[in-house]
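Hi,

Here is the model I promised to pass on.

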Amino acid sequence: MDVQIWTFIIVGITFSIYIGVAIWARAGSTSDFYVAGGGVPPIVNGMATAADWMSAASFISMAGLISFMGYQGSQYLMGWTGGYVLLALLLAPYLRKFGKFTVPDFIGERYYSQTARLVAVFCALFVSFTYVVGQMKGVGLAFSRFLEVPFEWGVVIGVVIVLFYAVLGGMKGITYTQVAQYCVLIFAFMVPAIFISMLMVGNPIPQLGLGGTLLSDGTPLLTKLNELSVDLGFQEYTTAHKGRVDLFFVTAALMLGTAGLPHVIVRFFTVPKVSGARISAGWALIFIALLYTTAPAIAAFARTNMINTVKDAEYTSVPSWFKSWETTGLLSYEDKNGDGIIQYYNDANETFVEEVAAARGWEGNELTIDRDIIVLANPEIANLPAWVVALVVAGGLAAALSTAAGLLLVISSSIAHDLLKNWLKPDISEKNELIAARIAITVAVVVAGYFGINPPGFVAQVVAFAFGLAAASFFPAIVMGIFSKRMNMQGAVSGMVTGLIFTAVYIWYFKYGGGTPEQYWFGISPEGIGTLGMIFNFVVSLTVSAFTPAPPDDVQEMVENIRIPRGAGTASSH
Amino acid sequence: MANKDLQGYWRTNVRYLIGLLVVWFLVSYGAGIIFAPALNEFTIGGFPLGFWFAQQGSIYVFVVLIFVYVYLMNRLDRKYDVDEK
């Protein structure tokens with residue numbers, strides 16, 4: 001059977017499972033809809049959190065990025081896992097004890113201010129929306145490449161599926177669907193990794209295989225990869241070659257951003273107990289770590305395979321995967337010196353170009369590879385069976401859909417709960433709030449789908465916004481809300497606004513305002529600036545609060561109360 | 001529960017947090033970034049050590065840290081009798 005038939009079968013089966021689970025776990029109340037009734041066992045919640053968190057970017061793009069960046073790609077690995085330590089230690093248990101539905105709920109009550117709540121709602125909506133558009137685009141791409149339907153139809157199919165189980169099941173439906181999606185995506189990620197690790201280094205565990213010795217010629221994989229890279233004018237794979245200041249700041253921004261993302265935080269409102277919230281973060285990280293420790297192995301295997309396949313190969317004799325990716329335009333070959341042989345090397349490296357390439361008659365790098373195809377093309381490069389390729393497609397879809405659903409829920413609860421119930425129309429009945437939440441999620445999916453098909457130019461670059469803004473706004477406000485009884489409304493609001501504006505302006509200036517990398521402050525790129533924004537937030541908050549009155553007694557009492565686990569009920573709206 | 005006890009509970013909690021976060025910082029930012037070039041002089045299991053910390057080791061330590069925290073806090077909750085029944 002060919003890849004396409006396998007893809008239809010596997011994607012068909014997995015989608016039927018998601019829909020079946022959604023019907024089984026319907027939501028009956030607002031509590032079911034927002035926080036799954038607060039009755040999700042910690043290990044199940046951990047698995048759902050992992051699926052919620054790992055998006056199309058983790059599944060498809062990350063290994064490809066590491067493959068091309070080598071050591072420098074560590075910023076994603078540490079950045080997107082280390083935040084869970086902060087979540088478990090500094091945020092999750094206390095927010096669970098607080099026992100409401102949303103992050104703006106906490107900000108609004110802790111800082112006794114409708115303004116603070118609205119600033120938080122605005123951030124939550126902005127962060128979640130930019131994120132979800134990218135997911136819908138990923139769904140459309142996966143469908144169109146492997147099911148050969150037009151891209152627009154791919155997005156529409158994705159919209160219908162998400163709509164179905166998110167509207168029906170709310171958080172409850174989403175949580176249990178995400179468990180199924182986690183199983184699909186991790187299986188789809190591990191199977192090709194294990195196969196390739198066996199083939200290349202004879203070790204079934206990719207995490208160990210990364211340090212293994214190549215079966216083909218007996219050299220250690222990483223040594224071989226360093227040699228291959230240097231031979232082609234690239235930097236060594238395992239060593240740092242750019243300033244590590246930026247690496248530091250980007251890693252920190254990703255960690256702090258992770259701990260501040262509303263769709264991640266809200267997951268910890270769904271477990272029954274405070275102790276459950278703590279351990280649930282641990283389970284989530286175990287499930288995430290399984291993929292995140294495998295990704296660098298895939299990256300190194302794929303890089304080695306790829307270089308060996310194309311290096312000095314005659315264009316007429318390249319394998320079939322090369323041709324099929326060429327037709328998508330994501331891989332392209334241009335025979336600059338007309339010798340019919342592929343020259344792949346770093347033509348930005350001036351010494352290499354002068355000393356080596358010129359002598360060999362090379363006239364520029366002839367092969368361009370889109371980083372995103374590494375994970376998808378990897379099974380084909382390694383000659384794995386067609387069903388493995390199909391499985392990877394199903395895994396990519398599971399990753400994109402599960403994240404999209406979690407984000408859409410945050411959007412719907414921000415609108416129905418934070419804006420409608422707590423601001424515009426406080427006397428709304430629970431039944432009507434539930435209807436409003438379902439309408440909000442429907443509108444959000446359709447709008448996200450529309451932007452997935454017609455992406456505004458900024459979408460590709462806004463991931464930096466999402467993490468940077470979450471790090472610079474939510475993270476400090478929540479942490480100080482728990483750990484400082486003295487922190488007051490004036491301090492928190494001025495801190496959030498400072499962090500937000502500083503980070504947004506810096507990113508805007510360097511992405512669209514004509515800023516050049518030479519002008520970076522301390523060499524910090526826009527991706528890492530959220531860390532500095534967070535520091536400013538802390539400084540401004542602490543300074544302003546020192547000169548303004550302490551928060552009211554009942555708020556201080558509330559802080560004392562969330563610090564101890566006893567007495568946590570299920571999350572409620574009262 | 002008495003206010004004084006609560007302060008003791010909270011102080012111990014904060015002490016645990018600081019200890020665990022120091023380890024968190026040392027494995028990722030320390031071994032994985034700041035000292036990575038120096039650690040790369042050593043190899044374990046086929047990995048340059050700094051590279052291993054940055055792409056594997058720090059993640060394993062993160063997982064362990066959370067479970068250590070869970071264990072310590074559950075014990076502390078019982079000691080101060082503030083655990084959930």
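**Chain B**

Going along the sequence, chain B runs α-α-β-β-α, which comes to 3 helices and 2 strands. Helices here are DSSP runs of H or I with at least four residues, strands are runs of E with at least two, and both are numbered from the N terminus. Before going further, the housekeeping: this is a predicted model, in which local features need pLDDT of at least 70 and side-chain atom pairs count only at pLDDT 80 or more, while totals for chains, interfaces and linings use all residues. Residues are numbered from 1 along each chain as its sequence is written, and chains are lettered from A and ligands numbered from 1 in the order in which they are written.

Chain B is more spread out than a compact globule, because its radius of gyration is 18 Å, well over the 12 Å that the globule rule gives for 85 residues. (The radius is taken over C-alpha atoms, and the rule is 2.2 Å times the number of residues to the power 0.38.) Along the principal axes, the C-alpha atoms of chain B fill a box of roughly 55 × 20 × 15 Å. Of the 85 residues in chain B, 35% are buried. For burial I count other C-beta atoms within 10 Å of a residue's own, with C-beta atoms placed from the backbone: 20 or more is buried, 12 or fewer is exposed, and in between is partly exposed. Among contacts in chain B between residues at least 6 apart in sequence, 51% join residues at least 24 apart; a contact means C-beta atoms, placed from the backbone, within 7 Å.

**Where the chains meet**

On the chain A side, 43 residues are in contact with 37 residues of chain B. The elements of chain A that give two or more residues to that side are α5 (74-98), α9 (206-209), α11 (244-260) and α13 (274-310). α13(A) gives the most, with 12 residues. By type, this side of chain A divides into 24 nonpolar, 13 polar and 6 charged residues. Nonpolar means Ala, Val, Leu, Ile, Met, Phe, Trp, Tyr, Cys and Pro, charged means Asp, Glu, Lys and Arg, and the others, Gly among them, are polar.

**A helix pair in chain A**

Take a look at α1 (residues 3-24) and α17 (residues 386-424) of chain A, whose axes come within 8 Å and cross at roughly 40°. Axes are lines fitted to C-alpha atoms, for helices over the stretch in contact, with angles from 0 to 180 degrees between N-to-C directions. That makes α1(A) oblique to α17(A); under 35 degrees would be roughly parallel, over 145 roughly antiparallel, 65 to 115 roughly perpendicular, and the rest is oblique. The contact residues include A:W6 and A:I10 of α1(A) and A:W387 and A:L391 of α17(A). Its residues divide into 13 nonpolar, 2 polar and no charged.

Helix α6 (residues 103-110) of chain A is mostly covered, with 7 of its 8 residues buried. Among them are A:D105 and A:R110. Just after α6(A), A:Y112 takes a positive phi of about 35°.

Most residues other than glycine have a negative phi. A:D312, in the loop between α13 and α14 (320-328) of chain A, has a positive one near 50°. A:D312 counts as exposed, with 9 C-beta neighbours inside 10 Å. A:F522 also has a positive phi, of about 50°, and lies in the loop between α21 (489-511) and α22 (529-546) of chain A. With 10 C-beta neighbours inside 10 Å, A:F522 counts as exposed.

Cheers

Note on methods
Two residues are in contact if their C-beta atoms, placed from the backbone, lie within 7 Å.
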